[in-house]
Amino acid sequence: MDTLVNVAHGFGVALQPINLIYCFIGVFIGTLVGVLPGIGPISAMSLLLPITLSGTPESGIIMMAGIYYGSMYGGSTTSILVNIPGEAASVVTCIDGHQMAKKGRAGPALGIAAFGSFFAGTFALIALMLVAPKLASVAIAFGPAEYFSLMVLGLVVLTFLTQGSMAKALLMACIGVVLGVVGLDSITAQPRLTFGRVELIDGIGLVPVVMGLFGVAEVLLNTEQVIKRDIINTKITHLLPSREDWKVSTGPMSRGTILGFFLGILPGGGAVISSFASYALEKRLSKTPERFGTGAIEGVAGPEAANNAAAGGAFIPLMTLGIPPNVVMALLLGAFVIHGLQPGPLMITQNPGLFWGIVASMYIGNLMLLVLNLPMIGMWVQLLKLPYNVLFPLIILFTIIGVYCSSNNVFDVHVMIAFGVIGYFMRKLGYEPAPLVLAFVLGPMLENNLRKSLILSQGDLMTFVERPISAVCLTFALVLLVAPLLPALRKKREMVALDEEA
Amino acid sequence: MSNDSDVKFRLNNSELWGGLIGLALGGFVIWSGLKLKLGTINDPGAGFVLFYTGILMCLFATSIIIAALTEGGPTFGSRWMNTRWTKPLLVIVCLVAFSFALNPLGFLLSSIPLMLLLLRVVDPVRWSLAIPIAVLVPLGMWWILKRLLLIQLPSGIFEIG
């Protein structure tokens with residue numbers, strides 16, 4: 001009953017005209033960045049982070065959330081029609097989606113991707129409504145030791161799932177922690193690694209780091225190649241999947257939704273991993289696995305449902321524990337902090353309008369996306385024809401403006417360009433930026449909780465293993481750290497990495 | 001045999017240099033942590049986390065170096081093989097020049113040439129399209145930011161913008 005009252009309250013907030021406008025702007029921009037290759041939700045959210053300041057916290061966060069789940073919808077359009085993933089979570093959709101389009105079945109592929117996304121998005125929201133308040137009430141009992149161990153687990157999971165060398169990913173995470181603690185020490189107020197620069201006293205900004213590592217570095221990588229676009233030129237018809245299509249897609253969609261939701265909750269997990277996991281699962285369960293890769297609709301339905309469910313699930317650790325499970329959620333945490341709000345176990349009770357308003361807006365946003373992605377598909381197809389040599393200078397200009405606006409400081413533009421160049425060389429040498437960024441965000445929290453738990457326990461390190469939740473998290477982290485040393489698990493991890501590279 | 005060891009120990013092994021850079025950074029972080037004071041386990045100081053993170057960085061970097069020495073690794077050249085490596089280099093040069101010009105010249109006078117260069121140096125866009133985009137987009141953004149969002153962009157020594 002309480003949940004229903006809260007949901008009604010949430011819809012009251014989400015249906016306010018201003019919030020509806022922000023929600024629409026969010027899902028529209030989300031679809032746009034999902035459709036356009038070379039700019040993803042991370043860049044778009046960093047770019048728009050300063051704009052959230054102009055409205056209420058509800059409006060800003062509703063818009064930011066809309067960009068995230070909107071990009072999951074939009075990414076599939078590019079994957080299916082152009083065979084270039086609009087964003088990372090849609091990589092796997094290229095495999096069967098584009099093959100379907102080549103066979104003249106672009107309509108059903110786009111249709112099932114949109115309906116699968118809607119179904120998964122709806123499920124994730126209902127689960128979010130039911131799970132988040134319960135988890136928040138449990139999380140109130142969490143102490144610094146639990147928070148520290150959870151964050152360690154999150155970082156280890158992300159490094160474990162990052163493609164390529166785990167040592168490199170762990171090194172990146174450590175560098176992220178170091179960058180995160182630059183500035184005044186929160187306990188002793190001592191400046192750390194500031195090199196006498198006043199601009200670094202408050203630390204390095206999240207926006208320039210993310211925009212550099214993801215926005216500028218991505219552009220630099222893309223300019224290396226001639227981007228050829230094999231756009232399907234035939235008229236897109238039959239967007240509503242046939243009875244047969246529904247029959248074969250219902251199972252993959254349901255399994256993808258559940259799998260995606262749980263992988264989304266896991267710290268370090270997320271939409272990319274869940275879409276690959278769903279594709280692998282469907283291929284394994286299929287009686288005709290040889291059809292996968294040649295235009296099997298299950299290969300579109302499952303991963304598309306999974307990445308949208310994961311996008312919804314990822315809100316749970318952020319809203320209930322205050323811990324962002326991935327880089328996108330780290331940016332959302334930034335939006336909360338800008339407005340002086342701290343997501344965590346108390347947010348749902350102290351700010352019910354905000355929490356339930358965001359949840360309700362996500363449902364409304366899902367409905368808007370269905371309209372944006374099916375009847376208006378022609379508009380996005382036209383947009384795909386925008387050549388990359390015109391697009392990338394615009395992306396660079398928008399990133400510069402976005403970074404400048406976040407702090408009104410030219411120093412941050414320099415930081416972004418520096419991180420862009422560093423990010424480019426990092427990627428060329430096989431170092432992934434995601435663990436660095438997540439550790440950068442978690443670094444100060446990790447340090448604070450470690451020092452607090454040591455002070456509270458009077459230096460007794462056993463506090464981390466005597467508390468059950470902390471012990472479980474650290475045990476999982478340890479298992480994942482040791483796993484690559486075991487030949488069988490190492491082979492499995494390499495297989496995942498190879499799949500992602502494909 | 002000799003060929004094999006040549007492959008493993010060659011100096012332009014990019015993995016080896018990546019590891020060495022990581023090791024140097026780790027060493028610097030340990031030194032910074034020590035300089036900031038570690039404190040005690042009961043009362044960790046400002047350098048406590050930095051020091052131990054530095055140690056972890058050195059450990060991971062060492063493992064990368066060992067892997068590079070025992071298993072070999074791609075050369076720098078192979079990382080950029082079959083790519084148009086001059087294009088990102090040109091974009092980097094444009095961006096660095098822009099970052100130095102932004103404060104003295106202001107947003108408009110620095111971003112219009114930047115846009116024009118980016119539109120022409122990678123995959124040249126025809127002049128009739130490049131010039132209007134390079135002029136109108138920064139101008140439009142400047143107008144939106146200054147007039148609608150009331151955000152002041154740098155105007156430079158000429159106070160344009």
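# A tour of chains A and B

Start with chain B: among its contacts between residues at least 6 apart in sequence, 62% join residues at least 24 apart. Two residues are in contact here if their C-beta atoms, placed from the backbone, lie within 7 Å. This is a predicted model: local features need pLDDT of at least 70, side-chain atom pairs count only at pLDDT 80 or more, and totals for chains, interfaces and linings use all residues. Residues are numbered from 1 along each chain as its sequence is written, while chains are lettered from A and ligands numbered from 1 in the order in which they are written.

## Stop 1: chain B

You will see seven helices and zero strands. Helices (H or I, at least four residues) and strands (E, at least two) are DSSP runs, numbered from the N terminus. Along the sequence, the pattern reads α-α-α-α-α-α-α.

Now colour residues 2-79 and 86-148 of chain B separately. These are domain 1 and domain 2; the bounds come from an automatic or database domain assignment. Their centres, taken over C-alpha atoms, are 38 Å apart.

Zoom out to view the whole chain. The C-alpha trace of chain B spans about 60 × 55 × 25 Å along its principal axes. Its radius of gyration is 24 Å, whereas a compact globule of 161 residues would have one near 15 Å. That radius is taken over C-alpha atoms, and the globule rule is 2.2 Å times the number of residues to the power 0.38. Of the 161 residues in chain B, 32% count as buried. A residue is buried if 20 or more other C-beta atoms lie within 10 Å of its own, exposed if 12 or fewer, and partly exposed in between; these C-beta atoms are placed from the backbone.

## Stop 2: where the chains meet

Show both chains. The contact takes 53 residues from chain B and 46 residues from chain A. On chain B, select α2 (14-36), α3 (48-71), α5 (86-105), α6 (107-121) and α7 (127-148); each supplies at least two residues of the side that touches chain A. Helix α3(B) gives the most, with ten residues. Colour this side of chain B by class: 35 residues are nonpolar, 13 polar and five charged. Ala, Val, Leu, Ile, Met, Phe, Trp, Tyr, Cys and Pro count as nonpolar, Asp, Glu, Lys and Arg as charged, and the others, Gly among them, as polar.

## Stop 3: chain A as a whole

Chain A has 23 helices and two strands. Its radius of gyration is 22 Å, close to the 23 Å from the globule rule for 502 residues, so chain A is as compact as a globular protein of that length. The C-alpha trace of chain A spans about 65 × 55 × 50 Å along its principal axes. Buried residues make up 61% of the 502 residues. Among chain A contacts between residues at least 6 apart in sequence, 80% join residues at least 24 apart.

## Stop 4: the largest nonpolar core

Select Leu332(A) and Val437(A). Of the 213 residues in the largest nonpolar core, these two touch the most other members. A nonpolar core is a set of buried Ala, Val, Leu, Ile, Met, Phe, Trp, Tyr and Cys residues joined through C-beta atoms within 7 Å. Helix α6 (residues 106-139) of chain A brings the largest share of this core, 18 residues. Bring chain B back: domain 1 (2-79) and domain 2 (86-148) of chain B both give residues to this core, so it lies between them.

Return to Leu332(A). Leaving aside neighbours within four places in sequence, Leu332(A) is in contact with Ile61(A), Met64(A), Ala65(A), Leu318(A) and Pro324(A).

## Stop 5: two packed helices

Select α5 (residues 91-102) and α6 of chain A. They pack at an angle of about 140°, with their axes 7 Å apart. Axes are lines fitted to C-alpha atoms, for helices over the stretch in contact, and angles run from 0 to 180 degrees between N-to-C directions. Show side chains for Thr93(A), Gly97(A), Met100(A) and Ala101(A) on α5(A), and Ala106(A), Pro108(A), Ala109(A) and Ala113(A) on α6(A); these make the contact. Six are nonpolar, two polar and none charged.

## Stop 6

Go to Leu193(A), in the loop between β2 (191-192) and α9 (206-224) of chain A. Leu193(A) has a positive phi of about 50° although it is not a glycine. Leu193(A) counts as partly exposed, with 19 C-beta neighbours inside 10 Å.

Next, pick Gln458(A), in the loop between α20 (433-456) and α21 (463-466) of chain A. Gln458(A) also is not a glycine, yet has a positive phi, of about 55°. Gln458(A) has 10 C-beta neighbours inside 10 Å and counts as exposed.

Finish at Pro352(A), in helix α16 (residues 352-373) of chain A. Pro352(A) is in contact with Asn6(A) and His9(A), leaving aside neighbours within four places in sequence. The C-alpha atoms of Pro352(A) and Asn6(A) are separated by 7.6 Å, though the two are 346 residues apart along the chain.
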